[in-house]
Amino acid sequence: MYYTILGSMGVENILITGASGQLGAVLTKSLQQKFGIDHVIATDLRPNKEARGIFEKLDATDPEALKQVVKRYKVTQIYHMVAILSAKGEAFPQKTWDINMGTLLNVLEISRLLKVKKVFYPSSIAVFGHHISRINTPQFSNLTPTTVYGMTKVAGENWGNYYFNTYQLDVRSIRYPGVIGYQSLPGGGTTDYAVDIYHKAVKQEPFECFLKASTRLPMMYIEDAVRASIELMDAPAEKLSVRTSYNIAGMSFSPEDIVASIRKTYPNFEVRYNPDFRQKIADSWPMSIDDSKAREDWGWKPRYDLDAMSRVMIENLKSYYNSVIA
Ligand code: VAH
């Protein structure tokens with residue numbers, strides 16, 4: 001049995017909730033490379049068919065079930081990636097509140113009781129709303145989000161800070177921008193267009209964009225986002241001055257910028273703009289982020305800009321679609 005060899009002195013056993021999601025799937029792989037495949041416990045309601053390693057079917061809204069998995073695998077760190085995202089959340093506001101908050105409170109409380117050493121909590125630039133400076137939005141800004149998803153992230157950041165201050169639970173958090181990767185698909189987010197657009201381009205199909213051409217938002221290539229999370233978790237605790245959540249920046253672009261970048265490879269790529277309810281959400285978010293605190297405290301630095309990301313996305317999706325057709 002795996003768990004009989006886990007949990008010995010100095011060994012880290014990492015549990016991921018939401019491991020089959022867009023970020024969870026890629027994060028699981030990176031953590032397996034870092035800690036060893038037998039030390040990473042991927043959990044979700046549904047398995048990720050392509051994943052290797054330990055998987056437990058887990059409903060993180062069930063505290064008893066979560067507790068049992070944490071105990072059984074002698075878990076020392078949790079990455080809590082479960083969440084209903086911004087656009088989908090607006091269709092189910094109360095369910096979004098219950099799932100996003102309920103699962104986080106379970107993770108925090110069980111971590112406190114079972115002495116889990118560190119917890120990673122993903123927040124988002126959706127914590128910001130109107131009444132901010134939308135260009136280079138500062139770390140400490142007014143947090144009046146316009147979506148239920150954003151409300152859960154503001155509350156979640158504060159719960160993390162509370163558990164850190166009250167119980168000395170080592171909770172660490174990042175405010176992710178829109179995350180883009182070829183390995184997995186997002187679901188229900190306002191920034192998802194920036195993933196879908198590459199799939200259409202590579203399939204040489206026209207793309208219908210649900211945001212206006214000029215809507216500039218903070219974004220990040222998934223490898224940078226995963227590396228940021230692991231680097232923050234590796235940083236010495238005493239260096240971390242922010243225990244709500246760190247602003248981090250990668251790049252900022254609008255649909256017309258990403259289209260221009262894609263047209264360097266596919267000059268005839270066709271796009272039609274047909275903004276829907278997600279436009280209003282995007283208009284309430286920052287255009288770019290000031291991440292100087294993350295840079296100062298734990299050395300954050302992104303590696304990918306828009307064109308570098310376009311190259312990797314196109315190259316990898318091309319091989320993927322070629323292998324599907326072959
Ligand atoms: C969303 N991708 O669109 C998420 C993200 C920056 C927003 O948290 O809902």
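## Notes on the fold and a few residues

1. Let's begin with Ile110, which is found in helix 5 (residues 93-113). Helices here are DSSP runs of H or I with at least four residues, strands are runs of E with at least two, and both are numbered from the N terminus. Please keep in mind that this is a predicted model, in which local features need pLDDT of at least 70 and side-chain atom pairs count only at pLDDT 80 or more, while totals for chains, interfaces and linings use all residues. Residues are numbered from 1 along each chain as its sequence is written, and side-chain values use heavy atoms, with hydrogens and water left out.

2. Is Ile110 buried or exposed? Ile110 has a relative accessible area of 5% and is therefore buried; the cut-offs are under 20% for buried, over 50% for exposed and partly exposed in between, using a 1.4 Å probe and protein chains only. Not counting residues up to four places away in sequence, Ile110 touches Pro63, Leu66, Lys67, Val70 and Lys115, where contact means heavy atoms within 4.5 Å. Between Ile110 and Lys318 there are 208 residues in sequence and 43 Å in space, C-alpha to C-alpha.

3. Helix 5 also has a helical partner. It packs with helix 6 (residues 148-167) at an angle of about 15°, and the two axes are 10 Å apart. Axes are lines fitted to C-alpha atoms, for helices over the stretch in contact, and angles run from 0 to 180 degrees between N-to-C directions. Helix 5 and helix 6 are therefore roughly parallel to each other; angles under 35 degrees count as roughly parallel, over 145 as roughly antiparallel, 65 to 115 as roughly perpendicular and the rest as oblique. Their crossing is right-handed, and the residues that make the contact include Trp97, Leu104 and Leu108 of helix 5 and Ala155, Gly156 and Gly160 of helix 6. Right-handed means that the near helix is turned clockwise from the far one by less than a right angle, and left-handed anticlockwise.

4. Seven strands make an open sheet with parallel pairing, in the order 3-2-1-4-5-6-10. Strand 3 and strand 10 (246-247) are the edge strands, each pairing on one side only. Two strands count as paired if DSSP finds at least two bridges between them. Helix 2 (residues 22-35) packs on this sheet and touches strand 1 (14-17), strand 2 (40-44), strand 4 and strand 6 (170-176), and its direction makes about 165° with that of strand 2. Strand 4 (residues 77-80) and strand 5 (residues 118-124) run parallel and are joined by three bridges, with Phe120 of strand 5 as the bridge partner of Tyr79.

5. Ile54 and Glu56 are on the covered face of strand 3, while Phe55 and Lys57 are on the uncovered one. Glu56, which lies in strand 3 (residues 54-57), is the bridge partner of Thr43. With a relative accessible area of 16%, Glu56 is buried. Beyond its neighbours within four places in sequence, Glu56 contacts several residues, among them Asp44, Arg72 and Tyr73.

6. Arg175 has 3% relative accessibility, so it counts as buried. Which backbone oxygen does the side chain of Arg175 reach? That of Gln139, at 3.0 Å.

7. A separate open sheet has three strands in the order 7-9-11, with mixed pairing. Strand 7 (178-180) and strand 11 (251-253) each have a single partner strand, so one side of each is left without a neighbour in the sheet. Strand 7 and strand 9 (residues 217-221) pair in the parallel sense over three bridges, and Ile180 stands opposite Tyr221 of strand 9. Helix 12 (residues 306-325) packs on this sheet and touches strand 7, strand 9 and strand 11, with its direction at about 85° to that of strand 11.

8. Finally, two backbone details. Most residues other than glycine have a negative phi. His131, though not a glycine, has a positive phi of about 70°, and Asn136 also has a positive phi, near 50°. His131 is placed in the loop between strand 5 and helix 6, and Asn136 lies in the loop between strand 5 and helix 6 too. His131 counts as exposed at 64% relative accessibility, whereas Asn136 counts as partly exposed at 44%.

Definitions and conventions. A polar contact is a pair of N or O atoms within 3.5 Å; within protein, one must be able to donate a hydrogen and the other to accept it, and residues adjacent in sequence count only if both atoms are side-chain atoms.
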